[in-house]
Amino acid sequence: MTEVLMGGKKVKGRKRHIVTDTQGHLLHVKVHAANIHDTVAGGEVFKAALEKHPTLKGVCADAGYRKTMKEFVRNVLKKTISISERITPGWAVLAKRWVVERTFAWLNHYRRLSKDYEIKTNSAETLIMIAHSMTLLKRLCYV
């Protein structure tokens, strides 16, 4: 596990990146150390999602994924990328970003995902997929 020095204190850190469809269903998950910037990791995450789902035409991302990822997606992957920019100062719903945020909210209902209990990133990714599968199964049972 990576430890990042923040404010003189060692902090264990991870970042979770997910790729969803327009309904918020999980297509790909990547968990990595927090010292890798979002713009660098985002391109690799979308590339891995494209390998699993080659029919993807593009990606929508928030402003944290601009520059490096935007160039990578356009120039290397030859796909479209739409970065949602802040429209007004203060809090506002950003177009299409709420889909991913809603999926993270669904995943937050699972206690095992509330903290970084897992030592290996691939087991953390697996638990995210299991949690999402449980969410979908619950919906099937209530229909």
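T80 sits in strand β6, which spans residues 80–84; helices (H or I, at least four residues) and strands (E, at least two) are DSSP runs, numbered from the N terminus. The model is a predicted one, so local features need pLDDT of at least 70 and side-chain atom pairs count only at pLDDT 80 or more, while totals for chains, interfaces and linings use all residues. Residues are numbered from 1 along each chain as its sequence is written, and side-chain values use heavy atoms, with hydrogens and water left out.

Is T80 buried or exposed? With a relative accessible area of 54%, T80 is exposed, given that buried means under 20% relative accessible area, exposed over 50%, and partly exposed in between (1.4 Å probe, protein chains only). Setting aside neighbours within four places in sequence, T80 is in contact with K57, G58, V59 and V73, where contact means heavy atoms within 4.5 Å. As for K57, its backbone oxygen lies 3.4 Å from a polar atom of the T80 side chain. For a polar contact, the rule is a pair of N or O atoms within 3.5 Å; within protein, one must be able to donate a hydrogen and the other to accept it, and residues adjacent in sequence count only if both atoms are side-chain atoms.

Leaving out neighbours within four places in sequence, V73 is in contact with F46, V59, K78, K79, T80 and I81. The largest nonpolar core has 16 residues, and V73 is among those with the most contacts inside it, along with F46, L56, V59, M69, L77 and I81. A nonpolar core here is a set of buried Ala, Val, Leu, Ile, Met, Phe, Trp, Tyr and Cys residues joined through side-chain atoms within 4.5 Å. At least two residues of this core come from each of α1 (38–52), β5 (58–62), α2 (68–76) and β6. The biggest share is from α1, with four residues. Apart from this core lies another, of eleven residues, including I18, V31, Y110 and A131. In soluble globular proteins, nonpolar side chains tend to be buried together.

T20 is part of strand β3 (residues 14–20) and counts as buried at 16% relative accessibility. Beyond four places in sequence, T20 is in contact with H25, L26, L27, V99, V100 and T103. T103 belongs to helix α3 (residues 97–107) and is buried too, with a relative accessible area of 0%. The C-alpha atoms of T103 and T20 are 8.1 Å apart, although 83 residues separate them along the chain. Not counting residues up to four places away, T103 touches I18, T20, G24, L26 and H132. What lies 3.0 Å from a polar atom of the T103 side chain? That is the backbone oxygen of V99.

Most residues other than glycine have a negative phi. K67, in the loop between β5 and α2, has a positive phi near 60°, and K67 is exposed at 59% relative accessibility. K78, in the loop between α2 and β6, also has a positive phi, of about 60°, and at 63% relative accessibility K78 counts as exposed.
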